[in-house]
Amino acid sequence: MIKGQNTIGFQLSALGNESIKAIRVDNQQELEGEFISATSEEINLAVEKSVKAFDVYSKISGVKRAEFLEAIAGEIEALESKLIDRAMLESGLPQGRLEGERGRTCGQLRAFAALLREGSWVDAKIETAIPDRTPIPKPDLRKINTAIGPVVVFTASNFPLAFSTAGGDTASALASGCTVIVKAHESHLGTNSLVAGAIVSAAKKTNMPEGVFSSLNSKDYSVGTALVMHPSIKAVGFTGSIKGGKALYDLAQTRKEPIPVYAEMGSVNPVLLMPSKLKDNAKDLAATYSNSITMGVGQFCTNPGIIIGVQSDSLNEFAKELASNMAKVKGSCMLNKGISDNFDSNSTKILSSSTVEVLHKSSEVSYDNKGSILAKINASDFLANKDMSDEVFGPFSMIVSCKNIEEMQKVVASLEGQLTVTIMANKNDYTENSSLIYSAQKIAGRVIYNGTPTGVEVCRAMHHGGTFPSSTNGKYTSVGQDAIYRFVRPVAFQNSPEQFLPEELKNGNPLKIMRIVNGKYSNSSI
Ligand code: NAP
């Protein structure tokens, strides 16, 4: 049974009297579980437990933390259809998608476990002393990444599993040795409650300290705000809107001790249709992009919101085919009514401009059956109105028609930081328009050639984060194992006695990890 209390360490708690309803998204009916918004007392208790647990958990070996992460994956899988059924009701996402997401969530947890077992992620660097160096002796210096402290994770509405309670932010923070407090998303409170239970169960089975994980419900922004402002919280992970992410970022900077807020926010993920590629493949490109724009009702941060090309018969053919393909895709339920309302108002704002031509607008407009929209605008009008490059989260895309390559270059240069940029090009384009391709590479965290931005591989080489406003810190990724680096800080030990060094920096290299010793990679002892 889904109870709906807050999870504070190993305890369930419901001290407050403000309840939040869990909603079945397709018919707006109330679902099982009475979810109680956390009180100040509960927020403080969760942080207190998190701080206490951090002292123990951050010192636990990587192998033990790996066992914990693997146990979380096992506990999530053990929830079987109960989890998928609840997530389907709360998110409106189909069974196949959620099963895939569960696989990704557990895969991420296991990938971080593998990273911890291998060990070299700590970036151990050792420079041994040269006492007789002149004019001054060189000290012994050893550097390593250590966990930053208790972390708050704001779960994402559009990935109820993979970017939520046990998703990438939580998995990477726990892997780094940080303790985690989740602010549950209002859109999937029951799903959150089930996964929180799985994490607690895994923590108990693997003897993790109480407080390593907590999860709090909130009726409004108050709980999230209090968590971000709590002096003992050391970092924040967030996925959602630019407005929300920036508000939390700004809030964190007003603290006596400002802290990092790693917010993955919005992006229009521009796609460049290079002339030669477009001429040879207009029809195929239209089929590929119809699929990418409408997949998951367009509710991906990597949805291709702007498609840029040079005006030509081929661009006209592409536009016509894309509109016709999109019209064949049936509407589907959006993640919540708020997201549907935002889609309506943001798309209306763009379509109401007299410079915008509507190429396709589905008649399926209700929140539980939302169809797609395709618009077109001339580059000069696009460049004259900054609002035209705003994200419309959902199944929306706009073709920007340029007079020539120079104008295409101007459109690209006008865009703000993006998660992705996609270049659809062939060998002729590579030769004829290389400077446009090079300049496009500058605006995004991931550059895709001849593919689609949707579908984000979880691996060591992934970078999911771009310059502002796509994320608050483009240096870091929120997908893939490198996401762990958001939640660590380097510490250098100078002339440290061996006994006070972390295992990873000891002369004998007891964990046999790869380190940089006096400028050379080595997994040997010193
Ligand atoms: P959101 O409004 O940014 O909210 C995300 C989370 O942050 C929620 O838990 C929300 O709390 C909290 N929050 C937002 N603003 C806050 C503030 N000022 N102070 C404290 N907490 C705050 O995102 P959403 O609800 O998931 O979706 C709304 C819109 O975000 C969508 O229409 C879409 O445009 C965008 N979005 C973008 C992405 C992406 O990947 N780029 C993903 C999802 C959504 P509450 O639960 O209390 O509201």
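**View 1. The C-alpha centres of domain 1 and domain 2 lie 33 Å apart.** Domain 1 comprises 6-265 + 475-486 and domain 2 comprises 271-449, with bounds that come from an automatic or database domain assignment. The model is predicted, so that local features need pLDDT of at least 70 and side-chain atom pairs count only at pLDDT 80 or more, while totals for chains, interfaces and linings use all residues. Residues are numbered from 1 along each chain as its sequence is written, and side-chain values use heavy atoms, with hydrogens and water left out.

**View 2. The interface between domain 1 and domain 2 buries about 1,100 Å².** Of this buried area (the accessible area, 1.4 Å probe, that two parts lose on being put together, summed over both), 57% is on carbon and sulfur atoms. On the side of domain 1 that touches domain 2 there are 4 nonpolar, 8 polar and 4 charged residues, where Ala, Val, Leu, Ile, Met, Phe, Trp, Tyr, Cys and Pro count as nonpolar, Asp, Glu, Lys and Arg as charged, and the others, Gly among them, as polar. In contact terms (heavy atoms within 4.5 Å), 16 residues of domain 1 meet 13 residues of domain 2.

View 3. An oxygen atom of the ligand lies 2.5 Å from a side-chain N or O atom of Ser157, and a polar side-chain atom of Ser241 is 2.6 Å from a ligand oxygen atom.

Definitions and conventions: A polar contact is a pair of N or O atoms within 3.5 Å; within protein, one must be able to donate a hydrogen and the other to accept it, and residues adjacent in sequence count only if both atoms are side-chain atoms.
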